[in-house]
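Please consult the sequence and the structure alongside the text.

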Amino acid sequence: MKNIFLGLIILMSFSAFSQQIPISTMYPYNTSFINPAEVGTKKGAQVQLVHRQQWVGFAGSPNTTFLSAQRQLNSKMGIGGNISLDKIAFIQRINANASYSYKLFIDNKSKIRFGLSAGIMKGTLDLTTIQADDMSDIVLTSAPLKMTFDAAFGMAYTFDRDLNIGIALPQLLGTKASVDIVDGSKYNLVRHSNVYISYKIKVDEQFEFIPLIMVRNAQKKNSQVEVFGNIKYNNKFWGGIGYRSNSVFILNMGMKLIDKLSLTYAFEFSSSGVGSNTSGTHEIMLSLNLNKAPEIPEEEIPEEEPTERKTSTSF
């Protein structure tokens with residue numbers, strides 16, 4: 001009976017992982033976090049280290065740490081990878097995946113990207129946080145979730161470098177994972193979808209305003225909507241506000257520390273639910289840009305200028 005009870009706790013803990021997929025508020029600054037089609041959209045290589053502590057002050061609250069890297073191979077292809085550690089109460093989940101993206105030019109202003117990622121997930125118990133009469137119990141000495149394989153697919157459409165529309169399908173395979181407890185329970189990776197749209201509005205030579213809307217969906221769960229309004233100044237300072245359904249408000253700000261290193265911080269607070277009784281959620285991201293030269297816009301389809309334009313232009 002004790003094993004079955006603990007097994008139910010394990011299953012409930014995993015299902016509480018933000019609809020099984022950890023939430024990050026940093027994706028408006030790097031959409032490859034939620035869509036493999038967005039990997040390698042910038043020249044060179046980028047590395048991000050993110051830590052998110054949810055519901056500070058609440059015992060056993062979720063926290064996530066992940067390391068992400070991506071590189072543009074050429075004007076059409078990109079690759080990336082992600083390693084993350086999610087923790088809630090005494091349950092830990094480790095994910096590792098690799099991503100690939102390919103871009104097709106529709107015309108001089110429009111392009112569409114396709115992306116695929118594949119990886120593994122492994123669940124473990126953090127015994128240092130558990131107090132039990134018998135620490136040799138079979139449930140405590142075995143992994144609650146066996147290693148599982150899964151994949152994600154994504155698409156993104158860009159028009160004139162300003163409008164961006166994307167859709168991603170995490171946990172595409174809906175893998176059924178075995179929970180290693182005596183009653184042989186199963187933990188299903190539920191299929192999700194992320195649909196988003198953003199538009200870059202150039203206010204003047206230094207300011208940009210970027211609104212973004214995203215809808216998260218999961219099978220048999222209510223949709224979750226997020227709205228952001230972010231501002232960038234001279235590509236050196238940025239910040240904004242956001243709102244997530246269920247009365248979650250988001251503030252974020254960031255700056256370029258040195259030429260290739262930047263820092264972004266986000267704070268979430270809720271007016272209802274568990275979050276309203278905590279000190280909020282804090283998230284921080286360090287970004288390293290490994291470009292050898294200053295970032296320049298993506299390459300477009302080469303276009304020859306008319307002869308008369310060439311002769312009439314002076315430099």
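The points below are grouped by topic.

The model is predicted: local features require pLDDT of at least 70, side-chain atom pairs count only at pLDDT 80 or more, and totals for chains, interfaces and linings use all residues. Residues are numbered from 1 along each chain as its sequence is written, and side-chain values use heavy atoms, with hydrogens and water left out.

**Overall composition**

- The protein chain has two helices and 17 strands; helices (H or I, at least four residues) and strands (E, at least two) are DSSP runs numbered from the N terminus.
- Of the 315 residues of the protein chain, 43% count as buried, where buried means under 20% relative accessible area, exposed over 50%, and partly exposed in between (1.4 Å probe, protein chains only).
- The accessible surface of the protein chain amounts to about 16900 Å², and 62% of it belongs to carbon and sulfur atoms; accessible areas come from the Shrake-Rupley method with a 1.4 Å probe, and for residues only the protein chains shown count as cover.
- Among contacts in the protein chain with a separation of 6 or more, 54% are between residues 24 or more positions apart; a contact means heavy atoms within 4.5 Å.

**Strand pairing from strand 12 to strand 15**

- Strand 12 (207-218) runs antiparallel to strand 13 (residues 224-233), and 10 bridges join them; two strands pair if DSSP finds at least two bridges between them.
- R216 stands opposite Q224 in strand 13.
- The hairpin of strand 12 and strand 13 has five residues between the strands, and K220 in the turn has a positive phi of about 65°.
- Strand 13 is joined by eight bridges to strand 14 (residues 237-244), again in an antiparallel arrangement.
- Opposite N230 stands G240 in strand 14, and the bridge partner of E226 in strand 14 is R244.
- Three residues separate strand 13 and strand 14 in their hairpin, where N234 takes a positive phi near 55°.
- Strand 14 and strand 15 also run antiparallel, with eight bridges between them, and W238 stands opposite G254 in strand 15.
- The hairpin of strand 14 and strand 15 has three residues between the strands, with N246 in the turn at a positive phi of about 80°.

**Salt-bridge network**

- A search of the whole structure finds seven salt bridges, each defined as a side-chain nitrogen of Lys or Arg within 4 Å of a carboxyl oxygen of Asp or Glu.
- E226 forms a salt bridge with R216, the closest N and O atoms being 3.4 Å apart. This pair links E226 in strand 13 to R216 in strand 12, 10 residues apart, and both E226 and R216 are buried.
- E226 also meets R244 in a salt bridge (2.5 Å, N to O). Because E226 lies in strand 13 and R244 in strand 14, the pair ties together parts that are 18 residues apart in sequence; both E226 and R244 are buried.
- R244 in turn meets E268 in a salt bridge (2.9 Å, N to O). The E268 and R244 pair links strand 16 (residues 261-270) to strand 14, the two residues being 24 residues apart, and E268 is buried, as is R244.
- Salt bridges that share partners join R52, R216, E226, R244, E268 and E283 into one network.

**Nonpolar core**

- The largest nonpolar core has 18 residues, of which M26, Y27, F33, V50, M214 and M285 touch the most other members. Strand 12 and strand 15 each supply at least two residues of this core.
- A nonpolar core is a set of buried Ala, Val, Leu, Ile, Met, Phe, Trp, Tyr and Cys residues joined through side-chain atoms within 4.5 Å.
- M285 touches M26, Y29, F33, Q48, L49, V50, S262, L263 and T264, not counting residues up to four places away in sequence.

**Nonpolar surface patch**

- L49, L67, F237, M255, L257, I258 and L286 form a nonpolar patch on the surface, with about 610 Å² of accessible area together.
- Patches are made of residues with over 30% relative accessible area and no salt bridge, with like charges joined within 9 Å and nonpolar side chains (Val, Leu, Ile, Met, Phe, Trp, Tyr) within 5 Å.
- M255 lies in strand 15 (residues 248-256) and is partly exposed, with a relative accessible area of 35%.

**Surroundings of S117**

- S117 lies in strand 5 (residues 110-125) and counts as buried at 9% relative accessibility.
- S117 touches P36, N97, A98, S99, A151 and A152, not counting residues up to four places away in sequence.
- The C-alpha atoms of S117 and N35 are separated by 8.9 Å, although these residues are 82 residues apart along the chain.
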